Amino acid sequence: MDAEFVLTAAVDADTQEQEDELLALNSIFGSEEFVRDESRSAGEIRVCAELPADFTVVLKEGESLRQYQLSFLPPLLLTFELPEDYPSSSAPSFSLTCSWLTDTQLSALAAQLTDLYQATGGAVVLFSWVQFLKEDTLRFLDIYSVLELPSDEPLYDSLDLNAPLSEAAAPSQVPSTLDRGGADSMEAERTLRTSGNNHPSTVAGVSKHLQYAPSDRSDQEEVLIDGGAAAWSIHSREFPQNGNPAGSGLSLTPSQTLLSQLLIWNAARTHKAFSATVFDCGVCFLGFLGSDCIQLPECGHVFCKACLTKFCELQITEGNVKGVTCPEADCSATPTPSQVRCLVGEELFSRYDRLLLQSTLDSMADVVYCPRRFCGSAVIFERSSAAAQCSVCGFAFCVTCRKNYHGTEGCPKKSITKIQEAEADLPQSQEGLLALWEDYASGSKKRQRLLERRYGRAVMQGTVGDCLSEDWISSNSKNCPHCFWKIEKNGGCNMMMCTHCGQRFCWVCLTRLPTNRAGKHFDNSACSQYL
């Protein structure tokens, strides 16, 4: 009776310690790191190993060596189940899952976790396991600053990225562990599981994973590889189910697949860490979370979105697209086009894109413009030849005189004035002329000088304005009924007198009026003299 009472008390004590330990883990780790199975004393813990500075992953392919610096590696997944007599008599049953460790390395870690439990003398051990995996995994496995991925042969003859990821990695399409030997440790996460006897063994069956917080997997898809032994999460935006960015087929080796997964994970975690970090804006010197900042990839300088937006908008509005650079002094780095679009919106970005293209074309010595007024497209020509052909309208012309191509003799360039030559480059549509005039009128002095060098100052200040004013004149003036001179009515009554020939006429019906008693026209007709 006493033995039964002692046994019951021990079981109750173990149960209480298990509950206390699970509650402590739940309070220490967030929902992205720890998930408890409420139906039994079990759960899953994701543990990210701490990396030293300048940690590098290396893949050797033949004579070439690919290496990338990483700040984050995908987590180890520790899945555990607590027996009734834990912690007093038995260690937890557990499995270790990881994509970037070999079976041998996972076996060594599992044996070390078992040793850590035995060293406690019957105390709870899960938190100690997590700390060991987080802080000492790389040191224990003699991985210091370089993670070497072994080279191998292609895993897929043709990997169809158009197919759903779960189908692309179906167990029936992937060689089994026994068929591939050591290559199986490269394209999937390895899972090692221990039972109550505490002897680690490789698991080839399906591992059932608990559901983490929705935010943790909302933008991911799970790919089950190698018979479903483990799950690796790939961001679906990197490998879309519809559309194949690399073509109809892509030959990948298991090492290349793993490397791409490591880089995707590192990029996602780096972005998440940046968003949660406070930075001082280099313009206003105020502190902002990274989610409210922009970091220029070329130089790494960080600015708040508000300051960088105003800076870019000012440069683009003034037509100084070459000035859309890092606001930091003596830094010539530029934001990416996607960053500019995000900052200034579609309308200004369209202007930025057009002016940047125009500025780039202007700096290219082998680019001329189609002389046809209704076209004006950029044309690339061979500098050794005087002939060019517009790819838009098909017009073949001489780059010297801008006329129909006439061969190598008789170029009438000398009869072409500079103004005529510049006018040939002008946009021929009303919209194109208006855009050019707005660019010139609102641009900086540097931009105006650039346009004047291209078209000529007389053309920009005279011809362009004249071309634009023709539409205004036709809409706001009438022809004198005697000499047909264009006349603008700027006020007064409807009895007009042409300043060119002196003829009096009615502005409403354009009837010629006599010199004497011209006002009678308004008494005897429907025309009003003052309306």
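Contact is taken here to mean heavy atoms within 4.5 Å, and helices (H or I, at least four residues) and strands (E, at least two) are DSSP runs numbered from the N terminus. The structure is a predicted model, in which local features need pLDDT of at least 70 and side-chain atom pairs count only at pLDDT 80 or more, while totals for chains, interfaces and linings use all residues. Residues are numbered from 1 along each chain as its sequence is written, and side-chain values use heavy atoms, with hydrogens and water left out.

From helix 2, Leu109, Gln112, Leu113, Leu116 and Tyr117 meet Trp129, Phe132 and Leu133 of helix 3. Within helix 3 (residues 126-135), Leu126, Trp129, Val130, Phe132 and Leu133 are buried, that is, under 20% relative accessible area with a 1.4 Å probe, protein chains only. Viewed down the axis of helix 3, these buried residues fall within an arc of 165°, so they line one face of the helix.

Turning to strand 23 (residues 504-506), this element holds Cys506, which counts as buried because its relative accessibility is 0%. Setting aside neighbours within four places in sequence, Cys506 is in contact with Asn494, Thr511, Leu513, His521, Phe522 and Cys527. Met496 lies ten residues from Cys506 along the chain, and their C-alpha atoms are separated by 6.1 Å.

Note on methods. Buried < 20%, exposed > 50% of the residue type's maximum accessible area, 1.4 Å probe, protein only. Arc of directions from axis to C-beta.
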